[in-house]
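Please keep the sequence and the model in view while reading.

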Amino acid sequence: MNRGKPPLLIIEDDPGLQKQLRWSFDAYEVLVAGDRESALAQVRRHQPAVVTMDLGLPPDPDGASEGLATLQQILALAPDTKLIVLTGNQDHANAVKAIGLGAYDFHQKPFDPEMLGLVIERAFILHALQQENRRMQQVQMDSPLSGIISRDPGMLKICRNVEKVAPSDATVMLLGESGTGKELLAKALHQLSPRQGKRFMAINCAAIPESLLESELFGYEKGAFTGAAKQTLGKIEFANGGTFFLDEVGDLPMALQAKILRFLQERVIERIGGREEIPVDVRIVCATHQNLKEMIVAGDFREDLYYRLSEIVVTIPPLRERMGDAALLAHHFKNKFSVQEGRSLLNFSQEALATIESYSWPGNVREMENCIKRAVIMAEGSQISGEDLGLQASTKAEEHLNLRQVREEAEYKALVKVLARVNGNIAKAADLLGVSRPTLYDLMNRLGLK
């Protein structure tokens, strides 16, 4: 076999057509099979990215049963294979069946070599793109930002900014509603920094009583108070050399705000009951869902502490403002919990996807995760229905700009939303959008979507 050319498998029992197809596609290493058994053998041996096939194969050359069965077996063996069905003028119904079973495209006989060549070329390109996308996703799984699942341009820009900021020692403030992924970004800042080999320590200021918070932060000496039986290090000291994540910093009591400010200025701490100043080298990352500027005006948060904590401010958008991410995350959590619950064949109904996309998600990604887990458990049959989600759809007003902006924005939003809804399946996306695959590729290229 010529290793310089990609393999193209032609499944055709007519020797004359076999020769014609061979001559027409000399840019490929053409493999030929005349029946199901030899076709499957070629697929196993050469793993061709693209296959053309006639549905009329022996022992049913006048029907389509053997061809459709062969098609199903090939896709079961190699799901990513792009199968192009060659049909006669009267075989429209069988072509539709083939597409329903997973064929990439169909082309009528007698075939036009130029047109069929274009279809085959596009099939090879699509296969290569999908394989590259899979490789990229595999690489991203090892990335500190792999926990952030998004196609929203704003969210992707935030991820790029986190990558830029991470190598520095700048104090970072993460702002966003509850459930938007603030702790994930804080961990990414640590993992991408030179401190990644040291500890990442986190404390939630809202979850610890005020009377205990100071000792949790700064530690205490033996005998500092009743019950202090031994010297205990605080979490700031434990994080020495690493990263300290101060979650819900807006809930810090005013007295502790002063101590945190002194630590940020001097980079030393004193344990409760101690007299010694202890130098601590940590990178501070903080987060809150509250509006700290309003709290400053109300006298509930120190302005000087705010400026110390906000050397870099990252504002994380809520899920309802992240274009296409609701459906994308829904697919992700559905896949995750389907495996956990042993329900691998579950899919969303169109009603469920519409509800997911229209719901406002006040609890953001955390609410989404809980909702999809419940739906996977409660779903009957192979589909998750709108009722299984237990959500009430809402509508949002659209912003109107000039006609060109409206058209481009609408096309972009539609593409992102549909690609998320079908989990990246190009054929299904073209179907939902009511366009051909070539048109969809042209739109994606024009709008910068990969």
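A contact here means heavy atoms within 4.5 Å. This is a predicted model, in which local features need pLDDT of at least 70, side-chain atom pairs count only at pLDDT 80 or more, and totals for chains, interfaces and linings use all residues. Residues are numbered from 1 along each chain as its sequence is written, and side-chain values use heavy atoms, with hydrogens and water left out.

Helix α7 covers residues 182–191; its buried residues (under 20% relative accessible area, with exposed meaning over 50% and partly exposed in between, for a 1.4 Å probe and protein chains only) are Lys 182, Leu 185, Ala 186, Ala 188, Leu 189 and His 190. Their cover includes helix α6 (153–165) and the strands β6 (172–175), β7 (200–204), β10 (243–247) and β13 (283–288). Helices (H or I, at least four residues) and strands (E, at least two) are DSSP runs, numbered from the N terminus.

In helix α4 (residues 92–100), the buried residues are Asn 94, Ala 95 and Ala 98. Viewed down the axis of α4, they fall within an arc of 105° (by the directions from the helix axis to the C-beta atoms), so they line one face of the helix. The face turned away from that side carries the exposed residues His 92, Ala 93 and Gly 100. Among the elements covering the buried residues of α4 are α3 (65–77), β4 (82–87) and β5 (105–108). Gly 102, which follows α4, has a positive phi near 120°.

The protein as a whole has 19 helices and 16 strands. Of its 450 residues, 44% count as buried.
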